[in-house]
Amino acid sequence: MAFKITVDLPACQGYANCLVEASALFDIDDDTNKAIILGDEHDDVLRGLAEAAKRGCPAHAIHLEDL
Ligand code: SF4
């Protein structure tokens, strides 16, 4: 099953743990210092990475939604 990642941007503090855990899925915006999600829908093969990023986010700002 594919899934979609969303980031609660007001909650995001730019810790970049998500980028460390899953550089294929996240980047950090240099201007806002907030997370950017790379891509729109993601295949299940990337779910483990996404779950790791979600667990590693100190702000609990990452959410995964099944499509
Ligand atoms: S780990 Fe969480 S708080 Fe840090 S940049 Fe990523 S989404 Fe934002």
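## Ligand surroundings

Among the 13 residues around the ligand, the nearest are C12, Y15, N17, C18 and C57; a residue is near a molecule if its C-beta atom, placed from the backbone, lies within 6 Å of it. This is a predicted model, in which local features need pLDDT of at least 70 and side-chain atom pairs count only at pLDDT 80 or more, while totals for chains, interfaces and linings use all residues. Residues are numbered from 1 along each chain as its sequence is written.

The ligand shell comprises 10 nonpolar residues, 3 polar residues and no charged ones. In this classification Ala, Val, Leu, Ile, Met, Phe, Trp, Tyr, Cys and Pro are nonpolar, Asp, Glu, Lys and Arg are charged, and the others, Gly among them, are polar.

Y15 belongs to the loop between strand 1 (3-7) and helix 1 (17-21). Helices (H or I, at least four residues) and strands (E, at least two) are DSSP runs, numbered from the N terminus. Y15 has 16 other C-beta atoms within 10 Å and is therefore partly exposed. The scale calls a residue buried if 20 or more other C-beta atoms lie within 10 Å of its own, exposed if 12 or fewer, and partly exposed in between, with C-beta atoms placed from the backbone. Leaving out residues up to four places away in sequence, Y15 touches P58 and A59; contact requires C-beta atoms, placed from the backbone, within 7 Å. Between Y15 and I5 there are 10 residues of sequence separation and 17 Å of C-alpha to C-alpha distance.

A16 is also placed in the loop between strand 1 and helix 1. Its phi is positive, about 70°, although A16 is not a glycine. A16 counts as partly exposed because 17 other C-beta atoms lie within 10 Å.

## Nonpolar core

The largest nonpolar core consists of 12 residues: I5, C12, C18, A22, L25, F26, A35, A50, A53, C57, A61 and I62. Such a core is a set of buried Ala, Val, Leu, Ile, Met, Phe, Trp, Tyr and Cys residues joined through C-beta atoms within 7 Å. In soluble globular proteins, nonpolar side chains tend to be buried together.

L25, one of the core residues, touches I5, I37, L38, H42, L46, L49, A50 and A53 when residues up to four places away in sequence are not counted.

## Sheet and helix 2

Three strands form an open sheet: 3 strands in the order 4-1-5, paired antiparallel. The edges are strand 4 (41-42) and strand 5 (62-66), each of which pairs on one side only. Helix 2 (residues 47-56) packs on this sheet and touches strand 1, strand 4 and strand 5, its direction making about 145° with that of strand 5. The axes behind this angle are lines fitted to C-alpha atoms, for helices over the stretch in contact, and angles run from 0 to 180 degrees between N-to-C directions.

Strands count as paired if DSSP finds at least two bridges between them. Strand 1 and strand 4 are joined antiparallel over 2 bridges. F3 has H42 of strand 4 as its bridge partner, and K4 has E41 of strand 4. Strand 1 and strand 5 also run antiparallel, with 5 bridges; T6 is bridged to H63 in strand 5.

## Exposed positions

V45 sits in the loop between strand 4 and helix 2. V45 is classed as exposed because it has 7 C-beta neighbours inside 10 Å. V45 and A2 are 43 residues apart in sequence but 8.8 Å apart in space, C-alpha to C-alpha.

H60 occupies the loop between helix 2 and strand 5. H60 is exposed, since 10 other C-beta atoms lie within 10 Å. Phi of H60 is near 50°, positive in a residue other than glycine. From H60 to D8 the sequence separation is 52 residues, and the C-alpha to C-alpha distance is 8.4 Å. D66, in strand 5, is exposed with 9 other C-beta atoms within 10 Å. Not counting residues up to four places away in sequence, D66 touches M1 and F3. D66 and A11 are 55 residues apart in sequence and 22 Å apart in space, C-alpha to C-alpha.

How values were computed: Contact = placed C-beta atoms within 7 Å.
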